[in-house]
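Biologist: I would like to learn how to read strands, turns and helices in a model. Please show me with an example.

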Amino acid sequence: MVRGVISPTLANVALNGLERQLTSQLASELGIGKAKKLKVNVVRYADDFIITCVSDVALETHVKPKVVTFLAQRGLELSAEKTRITHIANGFDFLGWNFRKYSGKMLIKPGRKNVQAFYRKLKETISKHKTVPQEELIRLLNPMLRGWAEYHRPVVAKQAFSRMDYLLFKALWRWSVRRHPAKSAEWVRKKYFPSPDNRNWVFRTMAVNSEGVREWKELHTLASNPIKRHVKIAGEFNPFDPQWEKRGEEVRQERMLASMRHRTSWSALYKSQRGLCGLCQCKITKETGWHDHHIQYRVHGGSDALSNRILLHPDCHTQVHNLGLAVVKPTLSLERAL
């Protein structure tokens with residue numbers, strides 16, 4: 001088995017054409033009308049995929065044999081351990097999420113195995129660092145918490161976030177008490193869960209930041225992450241087609257608005273352009289809005305570097321793409337703006 005970065009690429013190459021071949025073979029075997037009624041759809045990510053259909057009988061008799069043949073022609077086979085046919089009312093796990101219909105309503109939640117694995121990872125980190133300063137433990141845990149929250153925030157995860165916060169609190173309380181067996185619970189609370197504001201039971205400590213200023217450093221709470229639904233795109237969207245370049249830029253901007261890194265780069269671009277649109281040279285404001293445009297299209301090899309990006313009014317952005325207009329960076333250098 002090939003492992004590493006190349007493995008997902010090879011899996012995508014091997015599985016490419018699965019849905020197209022399924023559709024073609026079903027149409028030949030059953031007729032176009034009956035094939036469409038089966039509503040067969042394929043969703044895949046690297047070597048993991050799911051196939052939906054109107055009934056388990058159709059999956060077992062018409063779909064699965066064709067998938068087995070498709071894979072066998074490429075020297076592959078279905079995993080007996082991972083492959084199963086189930087009703088959507090019973091749910092299934094895919095990419096760390098659980099997909100299930102509750103009283104006819106589809107809900108996507110963090111999968112139980114994913115939640116348990118993440119909790120074990122947190123516990124292991126805490127257990128391995130029983131004697132480190134509180135500040136160091138917070139520094140180790142925060143990236144893990146933020147990363148897990150970022151992955152699950154597009155789905156129904158509030159309950160899972162709150163539950164994980166509670167379990168983590170219990171683990172950290174045991175970590176705190178263990179360090180001071182002769183101290184009272186109130187003393188431990190005041191030392192590791194101080195309340196300088198109105199928020200109680202927050203795992204934090206006073207630390208010196210990069211600028212030499214003392215400030216509170218606290219554990220990131222999962223429940224503080226707002227749920228933000230995934231921005232869907234059209235099924236025919238093709239990131240390698242220049243006709244979709246403008247839409248791709250808009251989708252990336254919508255998805256990154258809440259990112260601090262994006263806000264920082266946007267601020268640098270705004271300063272470098274003196275707050276003016278790169279095409280019409282009129283003021284960019286909150287009312288006018290703006291789009292983040294790639295001077296050399298990404299489909300043509302353009303990068304995400306600030307030197308290849310410029311802010312435009314939405315209408316100006318449309319003109320640039322529709323009329324093939326060229327825009328250039330302003331004379332004020334990005335180095336000076338930064």
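Biologist: Which residue in E4 does Phe-94 stand opposite?

Modeller: This is a predicted model. Phe-94 stands opposite Trp-97 in E4. Strand E3 (residues 92–94) and strand E4 (residues 97–102) run antiparallel and are joined by three bridges.

Biologist: What lies between E3 and E4?

Modeller: Two residues, which makes the pair a hairpin. Leu-95 in that turn has a positive phi of about 55°.

Biologist: How many bridges join E4 to E5?

Modeller: Six, and these strands too run antiparallel. Trp-97 stands opposite Pro-110 in E5. The hairpin of E4 and E5 again has two residues between the strands, and Ser-103 in the turn has a positive phi of about 55°.

Biologist: Now helices. Why do the end C-alpha atoms of H7 lie 32 Å apart?

Modeller: Helix H7 covers residues 158–179, and at 1.5 Å a residue its 22 residues should span 32 Å, so the distance agrees.

Biologist: Which residues of H7 are buried?

Modeller: The general idea is that an α-helix has 3.6 residues a turn, so residues three or four places apart point the same way. In H7 the buried residues include Phe-161, Met-164, Leu-168, Ala-171 and Trp-175. The buried residues of H7 pack against strand E5 (105–110) and helices H5 (112–128), H6 (134–152) and H8 (185–192).

Biologist: Is Asp-292 buried or exposed?

Modeller: Buried, because its relative accessibility is 6% and the cut-off is under 20%. Asp-292 is in strand E8 (residues 291–294), and its side chain makes a polar contact with the side chain of Arg-309 (2.7 Å).

How values were computed
Residues are numbered from 1 along each chain as its sequence is written. This is a predicted model: local features need pLDDT of at least 70, side-chain atom pairs count only at pLDDT 80 or more; totals for chains, interfaces and linings use all residues. Side-chain values use heavy atoms; hydrogens and water are left out. Helices (H or I, at least four residues) and strands (E, at least two) are DSSP runs, numbered from the N terminus. The expected span of a helix is 1.5 Å times one less than its number of residues. Buried means under 20% relative accessible area, exposed over 50%, partly exposed in between (1.4 Å probe, protein chains only). Contact means heavy atoms within 4.5 Å. A polar contact is a pair of N or O atoms within 3.5 Å; within protein, one must be able to donate a hydrogen and the other to accept it, and residues adjacent in sequence count only if both atoms are side-chain atoms. Two strands pair if DSSP finds at least two bridges between them.
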